[in-house]
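Biologist: I have a model open and want to learn how to read it. Please take me through the features one by one.

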Amino acid sequence: MDSTEAALIRRCQAGEKEAFEPIVRKYAGRAAGAATVLLGCPHDALDASQEAFVRAWRHIRRFNADRPFYPWYSAILRNICRTRLRRRARRRTVPLAEGHASPSSDGNPVALAEQTERRQRLFEAILTLKPEFREIILLKHFHGLSYKEMAEALEIPIGTVMSRLHHARQALREVLGEDGS
Amino acid sequence: MSCDQFNQWAGAYLDGELSEADRRRFEQHLATCEVCRREVADLRNLTEDLDMMRFKEPGDEELARYWSGVYNRLERSFGWILLSVGAILTLCYGAFRAIEELIRDPTVSVILKVGVCALIAGLVVLFVSLLRERLVVRKVDRYAKEIER
């Protein structure tokens, strides 16, 4: 755990809003990117990631400052995105096809570092997957979690992590036309 | 085990997540199965690409805009809390005075007075019931547990 981050969080817990700024700045790119993957489109992603920071601030006193901030924030963000996806499914105001636009559209600053045509295509393919597949790809490949950490974060057995990840990758290969069929 | 079953292990094998015994079994199978070897090679290309993907860090200007969006919401949420508390207190006080006057007014029929009292009592019971339910749900709420982490 980064001692500077722990110190900043303690200042946040004392009510210092200025101490929250470096934390938000540090994770903003990752947060907006994660929200894009979780929501399956850039639409709303920036807003969802900002809402998650606001919610984190509101509950910061209940957070253990000795633990890393991002996994906790990420759990809040995943909940917000799940709620938004449920609402979206009920209202059906954002057609899925619209959601699969380029990730850099809609004023969203999310873009891939070291962008190549193949990676861009891969990223767009990820956005077409089912929400639970997008979530597990995000945790494994963007956040670099182990199977045990993913099982804890998603509250599912390790066997389910393994099979979900397997099916997510197969689905991704199908979208990319690389399934060998 | 069939190739299909071994295939399910391919991802975990590449991620280094198979147990020592399973890894050995898988490698023994790979040594004899061309189809699975090809499958692992294809999957390796995909996972390597996925592992290389990172989000670009936003520039200073974008970060400043982002923080300003968060900060404005923080301030606004405080404003909303004050507004809500103020509105609830004002409404409660206004309702209390209006009911007090209604009950003391001898020209108002008893039925109306009883009706208003029942209405208020009903609202209070419903409010307390909802509040209690909310507190009970909070104890088992997954999101609330995450907040406590």
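Biologist: Let me start with helix 4 of chain B. How many of the 45 residues are buried?

Modeller: First, the terms. Helices (H or I, at least four residues) and strands (E, at least two) are DSSP runs, numbered from the N terminus. A residue is buried if 20 or more other C-beta atoms lie within 10 Å of its own, exposed if 12 or fewer, and partly exposed in between; the C-beta atoms are placed from the backbone. In helix 4 of chain B, 2 of the 45 residues are buried, so the helix lies largely in the open. Remember that this is a predicted model: local features need pLDDT of at least 70, side-chain atom pairs count only at pLDDT 80 or more, and totals for chains, interfaces and linings use all residues. Residues are numbered from 1 along each chain as its sequence is written, while chains are lettered from A and ligands numbered from 1 in the order in which they are written.

Biologist: What span should helix 4 of chain B have?

Modeller: The expected span is 1.5 Å times one less than the number of residues. For helix 4 of chain B that gives 66 Å, and the end C-alpha atoms are 66 Å apart, which agrees.

Biologist: Now a single residue. Why does Cys117(B) count as partly exposed?

Modeller: Cys117(B) has 13 C-beta neighbours inside 10 Å, so it counts as partly exposed. Cys117(B) sits in helix 5 (residues 110-140) of chain B. Its C-alpha is 9.0 Å from that of Ile103(B), 14 residues away in sequence.

Biologist: What is the make-up of chain A?

Modeller: Chain A has 9 helices and 0 strands. Buried residues make up 39% of its 181 residues.

Biologist: Which residues touch the most other members of the largest nonpolar core?

Modeller: A nonpolar core is a set of buried Ala, Val, Leu, Ile, Met, Phe, Trp, Tyr and Cys residues joined through C-beta atoms within 7 Å. The largest has 55 residues, and Ala31(A), Ala52(A) and Tyr73(A) are among those that touch the most other members. Helix 2 (residues 20-39) of chain A gives the largest share, 12 residues. Beyond four places in sequence, the contacts of Ala52(A) include Ala31(A), Tyr73(A) and Leu77(A).

Biologist: Where does pLDDT stay under 50 in chain A?

Modeller: pLDDT is the predictor's confidence in each residue, from 0 to 100. Where pLDDT is low, the predicted coordinates should not be read in detail. Chain A averages 85, and 83% of the residues score at least 70. Over residues 94-109 of chain A, pLDDT stays under 50.

Methods. Contact = placed C-beta atoms within 7 Å.
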